Amino acid sequence: MYTKEEVKKAVCDGLREVLKTDDVTIGEDETFENYGVDSLDQMGLLLEIEKRLKVELGEVDLSIVNTISLLHISINEKYQ
Amino acid sequence: MIGIKAIGSYVPQNFIDNYKRVKEFETDASFIRDKIGFESLSRKSQHEETSDLCVKAFEDLLSHTGVEAGSIGCIVVCTQNPDGTGLPQTSAILQHKLRLKDNVAAFDISLGCSGYIYGLSILKAFMSENGLRKGLLFTADPYSKVLDPADRNTELLFGDAATCTLISEQPEYIMLKSRFATDGSAGNSIFVDKATSLLSMKGKDIFMFSMKKVPAQIEECLADNSLEKEQIDIFIFHQASKYIVDNLTKSLGLPAEKAPFLARKTGNTVSSSIPLVLRELLFSGYQHILLSGFGVGLSWATTILKKSDE
């Protein structure tokens, strides 16, 4: 089980890497697309989250599971 | 010792401008320029067959080498988009079009983006086993034959091209040990749909596969050859997209200039993407060049070229 804070930290660290910026302030219910994450960067972000949380998220599509809150639910459904 | 002597190429000079299609595909210029990286895509004409592209690549080879067609002992064509339905094999059609004698071995190999590295190894082994002194490895996989014009996942990516690599004695580069791998369970990540005869690709699956499998294989290939990354002068990755080349480069901790992305004008030309880049670097004097191709299959392959002393 992962807390929402752990998922949020992984997402924010991943966004820093993918978007090449230190300034990441995404809300838990803000969509990745609205935050400026395009379809290719969604793939890069997924890879970064996998590395940080040590999970396999091959089946997750960040255009559908598109917020931190939804990702938190999705990961815990798989890794409960 | 046989190895790579010269490379000829053919890029059709009809280009599709991807910037003119940003509205149609609901994207923007920065995505084209900075992410996929393909500003235009080369397209063969409708009447050009796969073997015709190969003929033109051979003509380019002839124009800058003294190779005589009569001295060729073997031709191999790497394609998954052959002439007609693939029967007869494109290599036999090509043998006839090049007016080669009938004592030439000719066969096709069905591989996508890993095909150039497989082809080098196959041709080298076949020639060595049979005492052949000159052979040609062709790559020609015109995806325009199978592209769905409305599919954003593929239509902005793929270009048509062909290359012809002369394998012979007194080469510029010899091949060191290679690594090959396959995961057929993920074959539906990129395939031609039987019902529509059109290409379908799951971009995310290809990206994740590329990032997880390819760096590990490169490390293994380096270890097999007792070489460190720092001893490789240049890394030529399959030019799948700028995004994939950039991320592989980052994943391996390489400086960007050591792994160039040089397919802005042509697009992803499948098995031709590596030899198109290699052609530009063949006389650069680099001591070691690493080649890594990955894609359809899923299949991935890596080899290292060493400057020949001969």
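Buried means under 20% relative accessible area, exposed over 50%, and partly exposed in between, with a 1.4 Å probe and protein chains only. Helices (H or I, at least four residues) and strands (E, at least two) are DSSP runs, numbered from the N terminus.

This is a predicted model: local features need pLDDT of at least 70, side-chain atom pairs count only at pLDDT 80 or more, and totals for chains, interfaces and linings use all residues. Residues are numbered from 1 along each chain as its sequence is written, chains are lettered from A, and side-chain values use heavy atoms, without hydrogens and water.

**Exercise 1.** Describe how helix 7 of chain B is covered.

*Solution.* 
1. Find residues 242-251 of chain B, which form helix 7.
2. Seven of its 10 residues are buried. Among them are Tyr243(B), Ile244(B) and Leu248(B).
3. Look for the cover, using contact (heavy atoms within 4.5 Å). From chain A it includes helix 1 (4-19) and helix 2 (39-53). From chain B it includes helix 6 (203-224) and strand 13 (288-295).
4. Step just past the helix: Gly253(B) has a positive phi of about 70 degrees.

**Exercise 2.** Is Lys242(B) buried or exposed, and what does its side chain meet?

*Solution.* 
1. The side chain of Lys242(B) makes a polar contact with the side chain of Asp246(B) at 2.6 Å. A polar contact is a pair of N or O atoms within 3.5 Å; within protein, one must be able to donate a hydrogen and the other to accept it, and residues adjacent in sequence count only if both atoms are side-chain atoms.
2. Beyond four places in sequence, the contacts of Lys242(B) include Asp34(B) and Phe261(B).
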